[in-house]
Amino acid sequence: MPSSQVFLASRNAKKIEEMRRILDADLPGIVVLGLDDVAAYDEPVEDQPTFEGNALLKAWAGVRATGLPSLADDSGLCVDALNGMPGVLSARWSGPPKDDHRNNTLLLAQLHDVPDTRRGAQFRCAVAFCHPDGAQKVTAGEMPGRVIRDLRGEGGFGYDVLFVPDAQKGDLTSAEMTAEAKDLISHRGQSLRAMAPVVAEKLGS
Ligand code: IMP
């Protein structure tokens with residue numbers, strides 16, 4: 001098996017799209033395999049209290065199932081006025097089954113009475129890279145911004161439609177920014193770009 005393969009342990013199609021885009025730019029020559037490229041396996045229950053813990057859980061499950069070095073991300077939106085929630089519960093904030101629009105509607109209702117001056121929030125991401133030889137590494141990224149009062153934009157996924165990042169000119173939500181502009185400042189972009197040299201060194205490319 002060539003050492004230049006890495007397995008991306010995620011079922012979220014939009015996340016995979018972002019991760020592949022960022023990795024293609026930073027890890028040329030490394031073949032990124034997804035769930036469709038490997039035999040089906042039972043994915044772990046994400047029961048850890050931290051992004052880092054859940055990312056490691058998913059990446060180690062990928063290693064066990066495929067025998068390949070594996071990458072996984074765990075991420076979410078941490079809202080100041082909700083003491084950091086939904087955080088690790090972001091994907092299923094309004095209960096099962098996971099539904100982005102229902103999550104957004106619930107979050108807007110919960111923040112209805114929160115004034116504009118207290119609507120700060122951060123997207124956070126942990127990326128774990130685990131290797132069959134037992135090595136593991138976690139990198140993190142954060143994109144601060146604020147939660148607006150309506151849904152705007154067609155791009156991205158999840159809470160992008162109600163989140164305006166601080167690190168951009170204008171008043172665009174991350175769903176209104178181009179994919180490339182979001183990647184440059186995003187929590188996922190930061191954590192993956194920090195991980196890329198680690199993966200490249202380990203895979204000897
Ligand atoms: P995970 O699969 O448990 O890591 O779920 C992450 C959840 O956090 C997603 O389903 C989204 O609800 C939210 N999330 C994480 N990153 C982003 C992002 O870049 N944009 C919008 N929502 C995000």
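Trainee: Which side chain does Arg11 meet in a salt bridge?

Mentor: In this predicted model, the side chain of Arg11 meets that of Glu43 in a salt bridge, with 2.8 Å from N to O. Arg11 lies in the loop between β1 (5-8) and α1 (13-26), while Glu43 lies in the loop between β2 (31-33) and α2 (51-66), so the pair ties together parts that are 32 residues apart in sequence.

Trainee: Okay, and is Arg11 buried or exposed?

Mentor: Arg11 counts as exposed, because its relative accessibility is 57% and the cut-off for exposed is over 50%.

Trainee: Why does Asp183 count as buried?

Mentor: Asp183 counts as buried because its relative accessible area is 8%, and buried means under 20%.

Trainee: What about Lys58, which residue does it form a salt bridge with?

Mentor: Lys58 forms one with Glu46, and their closest N and O atoms are 3.4 Å apart. Lys58 sits in helix α2 and Glu46 in the loop between β2 and α2, 12 residues apart. Lys58 is buried, at 10% relative accessibility, whereas Glu46 is partly exposed, with a relative accessible area of 23%.

Trainee: Which residues do shared partners join into one network?

Mentor: Salt bridges that share partners join Lys15, Glu18, Asp73, Asp160, Lys182 and Arg188 into one network.

Trainee: Switching to the ligand, how many residues surround it?

Mentor: There are 16 residues around the ligand, and Lys15, Phe157, Asp160, Lys182 and Arg188 are the closest. A polar side-chain atom of Lys182 lies 2.8 Å from a ligand oxygen atom, and a polar side-chain atom of Glu46 lies 3.0 Å from an oxygen atom of the ligand. For His187, an N or O atom of the side chain is 3.1 Å from a nitrogen atom of the ligand.

Trainee: And how much of the ligand does the protein cover?

Mentor: The protein covers 96% of the 490 Å² of accessible area that the ligand has on its own, and the space taken by the ligand is the largest pocket.

Trainee: Which element gives the most to the shell around the ligand?

Mentor: That is β3, with 3 residues. The elements giving two or more residues to this shell are β3 (70-79) and α5 (187-202).

Notes. Residues numbered from 1 in each chain as written. Predicted model: local features only at pLDDT ≥ 70, side-chain atom pairs only at ≥ 80, totals over all residues. Heavy atoms only, no water. Salt bridge = Lys/Arg side-chain N within 4 Å of Asp/Glu carboxyl O. Helix = DSSP H or I, 4+ residues; strand = E, 2+ residues; numbered from the N terminus. Buried < 20%, exposed > 50% of the residue type's maximum accessible area, 1.4 Å probe, protein only. Near = heavy atom within 4 Å. Polar contact = N/O pair within 3.5 Å; in protein donor to acceptor, adjacent residues only side chain to side chain. Areas by Shrake-Rupley, 256 points an atom, 1.4 Å probe, with all protein chains shown as cover. 1 Å grid on protein atoms, 1.4 Å probe; cavity = no way out; pocket = protein on both sides within 12 Å on 5 of 7 lines; lining within 4 Å. Sits in = over half its atoms within 2 Å of the grid points.
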